[in-house]
Amino acid sequence: MRARAKAIAAAGNVSDALDSGALPEIVELTLSEALVIALLKQKVRTFFAIFGHGSTDLGEVLRLYSEEGVTTVINCRNEVEMAHAATAHAWVYGQTPAVVTSIGPGGLQAMAGSLAAASNGVGVYHIYGDETTFGEGYNMQQVPKAEQEIFGRMTALMGQSYVLHTPEALRECMRRGTACVHHPYRAGPFFIMAPINTQPQTMQLNVATLPGPLSVPALAPAGREAYERAGALIAGHDRIVIKAGGGTRGHAQAVQKLAEHIGATVVLSPGSSGVLPDAHPQNMHVGGSKGTISGNFAMQNADLVLMIGTRGVCQADCSGTGWPAAEAVININGDLGDASHYARTEALPGDISAVIGNLIDAVPQQERQEWLARCAEVKADWTAFRQARVDHAPVEDIVWGRPVLTQPAAIHTVASFAASVDAIKFFDAGDVQANGFQIVADTAPGQTFTETGASYMGFAASALLGAAGVGEPKYGIAFTGDGSFMMNPQILIDAVEHGVRGMIALFDNRRMAAITGLQIAQYGREFCTNDRVPVDYVAMAGAVTGVKAIHAGFDADTLASALAEAYAHDGLSLLHIPVYGSHDDFAGMGAYGSWNVGNWVNAVQRDYLHQKI
């Protein structure tokens, strides 16, 4: 085993080791080692792991391969945290990692964390040590039920899954795996169940036939008919909006070119910040249930919508009511289900840039000055509104007993600092996120990563660990609320253990503010969304050797000084930022759309019934 690891290390990768003859094509080895080699063939080198009784054999292989410098193992302290870290590793750096744990509570937690990868289209391998195949009696941590492969069936519901009941099935497992984690349009988590007793079984493997990472050419509709029909729709409408979903993150140049070519404004989703630069005159900012004044204006008045790389998520399209004036849709998406989501749709399935290039060739350049001018006026209103909110002075707060920053003002100060040092921003679910994606002023994709798909509290701080095992990691700032941070505080230890340099900006208003705001908006009262327990987060974080813990003060100037001090620390820092907790209008960015929840349901569903699309 060590000799094979040395051969791969010397060659640089499995394929070159095969080509040089240092690694034979057909080898006899254990399933555990074969799985590691198969993952290496797909350029998976980083493993986020919590080893248990279900993965001791796989762990031994990874020990030897890591000692030879072939793999990197990041040992973690919580399965949800490591699932988020792996998601961030793939999302930010484009490098596919693997998560390793056992079935039982660990597997269930890692599986829950995989929702973030599934919701945001991020490919990650999950490897769980499974119950034995002999059926000799219940194994520890299996579901105590007389049925086969229950964890394999659960993971198959969560994403795509394969149970390695037979070692020789590895090749098919990895073929299906790469088709999932490297899918060009809808990547996601792939779960490999590795039964405890099959891991050490020996097998013969033809390494040369193991699949590499999936690579397919860009696809687009053949012929001109579909583009001409789309062109006719564009020519026949005056108020055109492009809704740029998360799928446009890798196609920003094409989206901007199309918008400028046909005179359309662009409305972003929370996950597509930066696809058009913030200051671009045709960027109307985020639209949806927690949208913006300008983004929702464009949505409400559009007569034709170009849906690009979007799933039509409830909050992105106001639970189906966000386009009351729209008469038709052109939908550009690689997924056929998403491409046909709306009624009255001309679907253009395929690679976004390829499809847009063909569409531009088929459609003459058009100017829609009146529509662009109307949108520009509303964008100016939004820009002024946003500026007033982020410039708001500290306000007397009943919890803190003194004036403190509002959340928009605090978030803006930290986001501006992030831009000044070229740091990437991770946003947690909750009130920090809901205000944050309205405030950030990104100039390109990849400056903000916000977990809106699964609304996973605890994602942001955990995502900082995604930089572990990266050659040239980026400095990350986690924007998190006090409630979200306490969901996954293990980063305080794991970041130090693995040499991560980054910052946690902890905005503390002593409540689950997003849900509090929703309760007040719907029923006029809050219920069970706050607490009476003060937490000294500086003392808590400072108790971990290597963490720089700082109280950020109560105004923008002291916060700015604290940010500079935290950034200078060569490791993980935490800023405790007290923020105003009441729900006055000035204390948040507001909401401008509909949402099919609570006592709004009847009205929203009535509006949905009357949508033309």
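Me: How many bridges do E17 and E18 pair over, and in which sense?
Reply: E17 and E18 pair over three bridges, in the parallel sense. Strands (E, at least two residues) and helices (H or I, at least four) are DSSP runs numbered from the N terminus, and two strands pair if DSSP finds at least two bridges between them. Please keep in mind that this is a predicted model: local features need pLDDT of at least 70, side-chain atom pairs count only at pLDDT 80 or more, and totals for chains, interfaces and linings use all residues. Residues are numbered from 1 along each chain as its sequence is written, and side-chain values use heavy atoms, with hydrogens and water left out.

Me: Which residue in E18 does Phe 426 stand opposite?
Reply: That is Phe 449.

Me: And what sheet are E17 and E18 in?
Reply: An open sheet of six strands, in the order E18-E17-E19-E20-E22-E21, with parallel pairing. Its edge strands, E18 (448–450) and E21 (548–551), each pair on one side only. On average, neighbouring strands in this sheet are turned by 20° against each other, direction ignored; the axes are lines fitted to C-alpha atoms, for helices over the stretch in contact, with angles from 0 to 180 degrees between N-to-C directions.

Me: Back to Phe 426. Which ring cluster is it in?
Reply: Ring pairs link Phe 426 with Trp 91, Phe 449 and Phe 459 into a cluster. Rings of Phe, Tyr and Trp (its six-membered ring) pair if their centres lie within 6.5 Å; planes under 30 degrees apart count as stacked, over 60 as edge-to-face and the rest as tilted. The whole structure has 15 aromatic pairs. One of them, Phe 426 with Phe 459, is edge-to-face, at 6.5 Å centre to centre and 75° between the planes. This pair links distant parts of the chain, 33 residues apart: Phe 426 is in strand E17 (residues 424–427) and Phe 459 in helix H17 (residues 459–463).

Me: Are Phe 426 and Phe 459 buried or exposed?
Reply: Both Phe 426 and Phe 459 are buried, where buried means under 20% relative accessible area, exposed over 50% and partly exposed in between (1.4 Å probe, protein chains only).

Me: Which ring does the charged end of Arg 402 sit over?
Reply: The ring of Phe 554, 3.9 Å from its centre. The rule is that NZ of Lys or CZ of Arg is within 6 Å of the ring centre and within 35 degrees of the ring normal. Arg 501 lies over the face of Tyr 567, at 4.7 Å from the ring centre.

Me: New topic: what is the order of the sheet with E3 in it?
Reply: Six strands run E3-E2-E4-E5-E7-E6 in an open sheet with parallel pairing. Strands E3 (72–75) and E6 (160–163) are at the edges with a single partner strand each, so one side of each has no neighbour in the sheet.

Me: How many bridges are there between E5 and E7?
Reply: Strand E5 (residues 124–130) and strand E7 (residues 189–195) pair in the parallel sense over seven bridges. Ile 127 stands opposite Ile 192 in E7.

Me: Where is Gly 188?
Reply: Gly 188 lies in the loop between helix H8 (170–181) and E7. Gly 188 is buried, with a relative accessible area of 7%. Its C-alpha atom is separated by 7.0 Å from that of Gly 159, 29 residues apart along the chain.
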